[in-house]
Structures are given as C-alpha cells and as structure tokens.
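Look at the charged side chains in this model and at how they pair up. The text below goes through some of these pairs one at a time.

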Amino acid sequence: MNCARFSVPGVPSTNHGICNIADQYTFRPTGSTIAALISQSLLHTVTQTLITNSYVIVIAMDYRKAFDTVRHVTLLEKMANLRLPDHVFNWLVNFFSERQQCTAYHDTTSVLQAISASIVQGSAVGPASYVVNASDLKAVTTGNVLCKYADDTYAISPSDSVHTTTAELDNVKAWADVNNLRLNLAKCAEIILYDSRRKRQPVQPLPLPNVPRVQSLKILGVTISNKLSVAEHVRNIIRSSAQTCHALRLLRAHGMVNASLQVVYRAIITAKLTYAASAWWGFTAEADRQRLEARKTYRLVFRRPSGTCVIWSYGHKVE
C-alpha cells in the first residue's frame, strides 16, 4: 500500500514535474560513451554545425569530487518533482536522511559525524541520483548545446554564438555553486574545431579567461584534434596494443596456453582497437587506416602443435 509523502525541511511535496535527462548519456539503459559521441550532441552536433559555421567551440568541464558533494536536501527537492510513487519517494528520503560516517584505523574508530552531502557512486541509487541532480543544468543560449556524461560536461557553441561562450561557462559555474559543486579548472579545457579541408582557415576568437585552449582533446576516451583528426588517437591505441602484444608473447614464452592468450587478446587488444570505433572511424585518414591495417600492430600469431598458424586479427581467427 502506498503511503503519503511526509514533509522534509526544504523539500516540497509536489509530484508533478518530469525530469528531463535527454542530454545525459550515462547511468541510463540506452546511454553510453558511444551514444554520447555519435548522437545529437558531440560529434554529430559539431559536424552538422560546421556546415554553416566556420568553427565550433567545445568547452570540456569537470567537477571536483562531484558525487561526494551532492547536497541531500537539493537532491531530494529535485526528486520530489519526479513522478515517483509516494512510497518510493519516502524510501529515498529515508535513505538519504540522518546519514553518518566515521573513520576506522586499526583498533581506533572516530566519533560518528552527521553528513548532509554525498551519494555513493558504486551503489544502485547513486548513479541515478546524480543524473537527477544534474538534470536542470541547461544551455542558456539557443543554438548552444550541453552534453553530459556523469560529471563530465561539454558546452558546444557555433562560431555565430562565440560571444555567448562566457555566459555558458558562467551559467555552469553558477549552477555548480547552487548545487554545492566546484568546477575543477585544472581539468577544464577549450578547443576550437574546424574543417581543415576548407581553403580559408577561420580566425580564432580570444581564449576564455582561466581556461586553457588546447590543440587536441580527449573526449570520452577518444582523442580528437582541432582539425577533426583522430590520428593521435590511432597512434595511442596502436602503441598500447603493441605493448600488450609484447606482454602476450612473454606470457606465451612462459607457458600460457593459446586459449587463454586468445581470451586476453580479445579482452584487451580488441577492446582497445574497437572502442567507440563507430564514432571515430569516419574521421580517420588513409594513413590512419593503413596504420591500423599493419599486421604487427594488431595481429598475434599462435602456433599449434601441428605447426599450422592461427592469426588472431581483431579477435577473428584467420587460418
């Protein structure tokens, strides 16, 4: 039986709002880094915007200890606006209320202290709670886009709206202050993306204050240059895969059986080479594809007792 919602200081009892998480690509059944890269946000938005704009500004933002600083009262206020059954909302209130923590070292335990912030990232409720907490962070200018993946936030602005980038950054800072979060300026960066195939290169705007401008940026595990090239990303995964291949050869020399080597190969090397490939493959040049096709970078030969060779290429067996 559903129980009526009880009142919590600072938390309204309304239950009519809907949480909009269309720009959040993590902690959702259909969310992933690939979805964030391909979908209506990052790379898709950039490429579509470059059709009518000379460049696109992307500001990568990160928060300091985001999960540890989410204020319970603020979070429950946002949860109260969801269309949740009363008994579910009341359970969440009970879960986040009157929490305490202490520190144990050997046989000594500190006094319990009440905490009013933090959600457990590894818990079942924690990730979904962070999505709800960040659901009201939106772009302030029409035409600009915010893409969120957990506590990573990317602000995308076309060249026509270059004068609004400071306002977007200030908006994120203001939202963070209200929600007890702090931007980690050491991990923030700005990159100007443009189409290098155009004859006339754009005149870049002045850099944002306190935000370094970079020539390449690692976005959700994929390194992209300001010329929309993934050559650096290809070099990195080839180098990493070659190092793993060397380690596998050492393991083979020490007696690891082929079946185990192949499992490790697929789990590590294949995963590296194919991670988000559907998102970045279209940005590869012919030289990048030739590097990936080079046998030494991604193939490992195993010899059967009979002397025949089995080559594992991208996890597929070739006799």
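Helices here are DSSP runs of H or I with at least four residues, numbered from the N terminus. The model is a predicted one. Side chains of opposite charge can pair when their charged atoms come close. Counting a side-chain nitrogen of Lys or Arg within 4 Å of a carboxyl oxygen of Asp or Glu as a salt bridge, the model has five.

Two of them lie in helix α10. Arg-291 pairs with Asp-288, with 2.9 Å between the closest N and O atoms. These two residues are three apart in helix α10, so about one helical turn separates Arg-291 from Asp-288. Arg-291 is partly exposed at 34% relative accessibility, whereas Asp-288 is buried at 3%.

Helix α10 covers residues 286–293, and Arg-289 and Glu-286 are also three residues apart in it, which means about one helical turn lies between them. Their salt bridge has its closest N and O atoms 3.4 Å apart. Arg-289 is partly exposed, with 27% relative accessibility, and Glu-286 is partly exposed as well, at 47%.

Another salt bridge joins Arg-213 to Glu-190, where the closest N and O atoms are 3.2 Å apart. This pair links distant parts of the chain, 23 residues apart: Glu-190 belongs to strand β8 (189–193), and Arg-213 to the loop between β8 and β9 (216–219). Glu-190 is buried, at 1% relative accessibility. Arg-213 has a relative accessible area of 23% and is partly exposed, because the partly exposed class runs between the 20% limit for buried and the 50% limit for exposed.

Terms used
Residues numbered from 1 in each chain as written. Predicted model: local features only at pLDDT ≥ 70, side-chain atom pairs only at ≥ 80, totals over all residues. Heavy atoms only, no water. Buried < 20%, exposed > 50% of the residue type's maximum accessible area, 1.4 Å probe, protein only.
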